[in-house]
Amino acid sequence: MTGSPSLLEAQRALHRAIVDQEGGDLEQLLASDAWAIAGAVSVYRNTIFSTLTRALRLSYPAVYKLVGSQFFEGAVETYLGKHWPESACLDDFGADFSVFLASFAPAGELFYLADVARLEWAVHQALHAPDVPALRLERLLQLDDARRGAVRFVANPSLRLLAVGTSAEAIWRAVLEHDESALSGMQIARAPRWLIVQRTPDGAAEVVRAEEGEWQLLQLLASGVALQNALDCACRAWPQPAMEEVLARHLAAGRFTDFAA
Amino acid sequence: MQRQVIPQGAGIGLRFAHHEAVVATRPRVPWFEVHSENYLGGGTNLRVLEAVRKDYPIALHGVGMSLGSAQGIDVAHLERVGALIERIEPCLVSEHLSWSVVDGHYLADLLPLPLTEETLERLCRNVDQAQSRLGRQILLENPSSYLRYRHSSVPEWEFLASVVQRTGCGILCDVNNVFVSACNHGWNAAAYLAALPAHAIGEIHLAGHSCRRLKDDRVIRIDDHGGAVAPEVWRLYEDTLARVGAVPTLIEWDNNIPALDVLLEEAARAQVLLDALGTDDRQPLAA
């Protein structure tokens, strides 16, 4: 660095020192000796890392409890090596933590951990989604059959549909409910599970296991496929005698907030 | 619409840990302040804030605008804060004299700025942009810092006064930050406070800090908001009130958060000092 650094150069230098621990040029930049600079940078680094670790711990409470604080902090430190928050809204930070955990070698034996993390992110998103009133079913009933079959629903912003390959939901529930007997006797399955996550009117997150057919129907509807097409498609692939009843149950549960006829 | 004005009393920072207690007990406190970034989503937290705002004046205190960023402020973040302001209609909106974003990376802390003409220009442009989008004046909080830049050419108190003069923003005077920075950099805290333009101070913050001993035995003071307000900070606060008059004051406590009653006791102590000033004809800053 020659002459007075620009504001951007100064900010990049401090960023390198804090994040990458490359503080080589700081003595030219800062009005202190090496000891004081190192001490001050470590204060900033500790504050930032502890803030981000706390943010992830709040988003992934079951993962945190499953692996313990020391393992979790080590995982977060490695994660931060390639995943840095882009926004000051830390509720948005950590979306791909489950992808990271799936390939994080020290967690290799915990084959269910990434699924638990995926579920926790879905719960986290459901809890922080915008509040939108559920669809009033009378509006749907006022349409004739043809128009009703053509409607395209708008999904509740808090609805998340999640397919996992393990019994992650049972693990997640037992961990957060401190159900030691369930955990100790649990046979952790490697089998597909179809989960529906949504915030309830009282603000809690509800996680429901669904049949594959009903989950696929919701998936089609949530992605904007017209009602009759979605029903036909779902019934062909997963024949169920009462798909309309299934649909009625989910409409009553507020899975959708609006529709376009 | 006439905006509500923050009472010239002592409020407390509302944190998640106290949501239930505040909703259930409706404590006797004149106002609350929250961190804007904690309420940018929907769900329970926002519902609690909307319930609390029905009974108490609210101030929104941002920690993520990064007004000192050389590359400008994050417009998407500004929009989200703007939407929250429209929803909550706070009495005061404040941010920090600091930076936290570079090259799209958000460093989750309030980092110090080199105090130069270039920084002043950039910061004023960012403050102008924020005030223009938000449609209101913001208060700018003086930072606590552990580092200074060699090429800083303007004392922090003069820098802050220049930002006020150029942008029309107000000052959120954090007395604990002044004390922490003064100790860390060898400044005179009383002189710093005396140099701030009194008319621009729209709010005062009080908080606790800690001390850490460095390897060479020097002590660094850390603004961790993890304890009670230090005696030296209370004395500086009294002196500040004597100079600027009654100003809405906030007790901040963000780490090792104690029971709500402990915060209320700290606020009551500040309230006694405010009350001792008697009736004040100072006009609140325009919101």
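Visitor: What do the buried residues of α6(B) pack against?
Guide: In this predicted model, the buried residues of α6(B) pack against β8 (170–174), α7 (189–195), β9, β11 (219–222) and α8 (231–244) of chain B.

Visitor: And which residues of that helix are the buried ones?
Guide: They are B:Val175, B:Asn176, B:Asn177, B:Val178, B:Phe179, B:Val180, B:Ser181, B:Ala182 and B:Asn184. Since 9 of the 11 residues of helix α6 (residues 175–185) of chain B are buried, the helix is largely enclosed by the rest of the structure.

Visitor: What follows α6(B)?
Guide: The residue that follows is B:Gly186, and its phi is positive, near 75°.

Visitor: Let me try another helix, α2 of chain B. Which residues are buried there?
Guide: In helix α2 (residues 44–53) of chain B, the residues B:Leu46, B:Val48 and B:Leu49 are buried. Looking down the axis of α2(B), you would find its buried residues within an arc of 155°, so they line one face of the helix.

Visitor: What covers them?
Guide: The cover over the buried residues of α2(B) includes α1 (19–25), β2 (32–35) and α3 (75–88) of chain B.

Visitor: Is B:Asn256 buried or exposed, and why?
Guide: B:Asn256 is exposed, because 11 other C-beta atoms lie within 10 Å, and a residue counts as exposed at 12 or fewer.

Visitor: What about B:Arg26, where is its place?
Guide: B:Arg26 sits in the loop between α1 and β2 of chain B, and its phi is near 45°, a positive value in a residue other than glycine. B:Arg26 also counts as exposed, with 11 C-beta neighbours inside 10 Å.

Visitor: Switching to chain A, what order do the 3 strands of the open sheet take?
Guide: The order is β2-β3-β4, and the pairing is antiparallel. The edge strands of this sheet are β2 (160–164) and β4 (205–210) of chain A, each of which pairs on one side only, and the twist averages 25° from one strand to the next.

Visitor: Which helix packs on the sheet?
Guide: That is helix α10 (residues 168–176) of chain A, which touches β2, β3 and β4 of chain A, and whose direction makes about 45° with that of β3(A).

Visitor: Now the contact between the chains: how many residues does each one give?
Guide: The contact takes 41 residues from chain A and 39 residues from chain B. On the side of chain A that touches chain B, α3(A) gives the most, with 11 residues, and the residues of that side divide into 25 nonpolar, 11 polar and 5 charged.

Visitor: Last topic, the largest nonpolar core. Which residues touch the most other members?
Guide: Of the 147 residues in that core, A:Val116, A:Ala117, B:Leu140, B:Ile171, B:Val175, B:Leu206 and B:Ile251 touch the most other members. Helix α7 (residues 113–128) of chain A gives the most to this core, with 10 residues.

Visitor: And what does B:Ile251 touch?
Guide: Not counting residues up to four places away in sequence, B:Ile251 touches B:Ala10, B:Ile12, B:Gly13, B:Leu206, B:Leu263, B:Glu266, B:Ala267 and B:Ala270.

How values were computed. Residues numbered from 1 in each chain as written. Chains lettered and ligands numbered in written order. Predicted model: local features only at pLDDT ≥ 70, side-chain atom pairs only at ≥ 80, totals over all residues. Core = buried A, V, L, I, M, F, W, Y, C linked by C-beta atoms within 7 Å. Buried ≥ 20, exposed ≤ 12 C-beta atoms within 10 Å, placed from the backbone. Helix = DSSP H or I, 4+ residues; strand = E, 2+ residues; numbered from the N terminus. Contact = placed C-beta atoms within 7 Å. Pairing = 2+ DSSP bridges. Axes fitted to C-alpha atoms, helices over the stretch in contact; angles between N-to-C directions. Nonpolar A, V, L, I, M, F, W, Y, C, P; charged D, E, K, R; others polar. Arc of directions from axis to C-beta.
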